[in-house]
Every structure is written in C-alpha cells, then in structure tokens.
Amino acid sequence: MALHLPKPRTTKPPQQAVGLDGLKVTVAAAATTGVEKSKQVKSGGLAGLTSKVSVAQLRKELGNEGLRQAAIDAGRTPPSDRTLRRWAQQGRIPHADVLERAQRRAAIERLGGIDAVAAKIGRSRSAVSRYRSGDTNELRADASKKLKTVKAQDIMKRAGVLRPDGTPKRAVIRVRGGVMVRNGADEGYDYRVRTLDFANSDTPFSSDESRELAAALANDDHARVVALLERHATLDYPENKGFNTYSDQFGFHFDHIDSVHIDWI
C-alpha cells in the first residue's frame, strides 16, 4: 500500500516575538528572513551585529586546536589540518554540533575566557566550562539571560554601535518590503511593496529603541527586530498614524522584508 506523506511546507510558519514592554506578537517568517539576509550586506549597517561568525573567523580566533577540541566535545574524530583548511575555504562546518560548540567556545574567548564569563554571569567556572563543551545545553535562566546580555554588549561594541562611554548610537533606518496596515483581525489595507524611511517619522528611533534593536540584531533575534520596526511604524511613522496600539490584529505589519539599511549616528 502506498505511503501518503504530507507535502513539505513551502513557506515558513509565522514566528513569535517579544517587542518593547513585553508585548508578544506574531511576525511573518519572510520578514525575519529579510532581516537575516540584510546582515550579509556589508554596506547596510548591520554587518557584525550577529552572534555567529564565519568559519574562517572561528579558525582565526580558536586556531586549529580550538576547532579540534570543539569536534572532540561533540564526540567526533578530531579533524586534520587539511580538513580544517577545507572547512575555512568552503565557509562551512558540515556538522551542526561541532559548529555550535565552536561558536560557543569563540564567544567565551571573546568575553575574556571561562573565568571572566563566570564572574560576569555569577556562575562557577565548571558551569561555564560544561556549557562551552556542550555537556550542559543551557545555563540556568538567570545566568543564560546575563550571558545573552554580555554577549550582545560585546558584539555591539565590536560593531561600532556603542560610543566609547557605552551609550548607544541612534539608529536611522530604511526598510523596503511588502506591508499591510490592519485595523481589525481580518481587515486591512495592502500597500504592497514600500520603502519606509524612518528618519522621516514624527518621532525618530530613540536611544533606548536603538539599543533594543541593536541587541536583538546581536542576539540574532530577527523576529524581535521585525516587531520593533512594526511597532515604531505603527505609532510614529507619518503615513500610518491613527493607531493607538500595536498587536497582531491592529497596526502596521510586514508581509516580507526585502532589505534593511541602518546608519548609526
């Protein structure tokens, strides 16, 4: 008897995000994908705002021995120098578990090493070591949140988003994508593809909003990035004024995002 399997999903499902003030909303997967792709454009102002770095950079930061140790931590045979060169040349590590451990190891080294990270997040040296090796998949909730914060702060600093005194630069944003303004659960006005220049909004992105946006980019929380953009477009963008709130049923929403460009001033 023939086996009838479900057809593969052609589009990614919507994603949940937490915006400002803890507001939980749903954003389109095509919008989050657009943000992720925009990070690959060096002139777009998003380069460097990611927790994931290239394989070549991982090899440069960890050396061959560090990458070998990541493979050992994942329970795999230590790769040869030739294999490591091939990984760097191809820009990929073919094993997701090895890549994850290499990214963790590199992130901890950038933050000063195991002892420095342990002091910053209030955990023991052994706890951080177990997390780095993958013996512990996640740190405790409070420590995980602290690590996420210090990692984002370091990434923002390296990407030039923070001033020398640690205060954030202000984000001046242009977004191009398919949009919809909804005034009810099933009602809305499709404006199709538009370019929004947030520099022209009645209230430009504040320092606090800019920090939240940069931190979301640094943490690769692209759904939260979309939620922040949609909220600002709903409440402060001239053409969309008139909404008192932003939610799944009301306000400005991206159906998809083609590009995001940010100047940090």
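Which residues do ring pairs link into a cluster? Ring pairs join F198, F205 and Y237.

This is a predicted model, in which local features need pLDDT of at least 70, side-chain atom pairs count only at pLDDT 80 or more, and totals for chains, interfaces and linings use all residues. Residues are numbered from 1 along each chain as its sequence is written, and side-chain values use heavy atoms, with hydrogens and water left out.

**Aromatic rings**

Three aromatic pairs turn up in a search of the whole structure. Rings of Phe, Tyr and Trp (its six-membered ring) pair if their centres lie within 6.5 Å; planes under 30 degrees apart count as stacked, over 60 as edge-to-face and the rest as tilted. Two of the pairs are listed here.

| Pair | Centre to centre | Angle between planes | Class |
|---|---|---|---|
| F198 and F205 | 5.9 Å | 85° | edge-to-face |
| F252 and F254 | 5.1 Å | 85° | edge-to-face |

Buried means under 20% relative accessible area, exposed over 50%, partly exposed in between (1.4 Å probe, protein chains only). F198 is buried at 2%, and F205 is buried at 2%. F252 is buried at 0%, and F254 is buried at 3%.

**Helix packing**

Helices (H or I, at least four residues) and strands (E, at least two) are DSSP runs, numbered from the N terminus. Helix 8 (residues 207–218) packs with helix 9 (residues 222–236) at an angle of about 155°, their axes 8 Å apart. Axes are lines fitted to C-alpha atoms, for helices over the stretch in contact, and angles run from 0 to 180 degrees between N-to-C directions.
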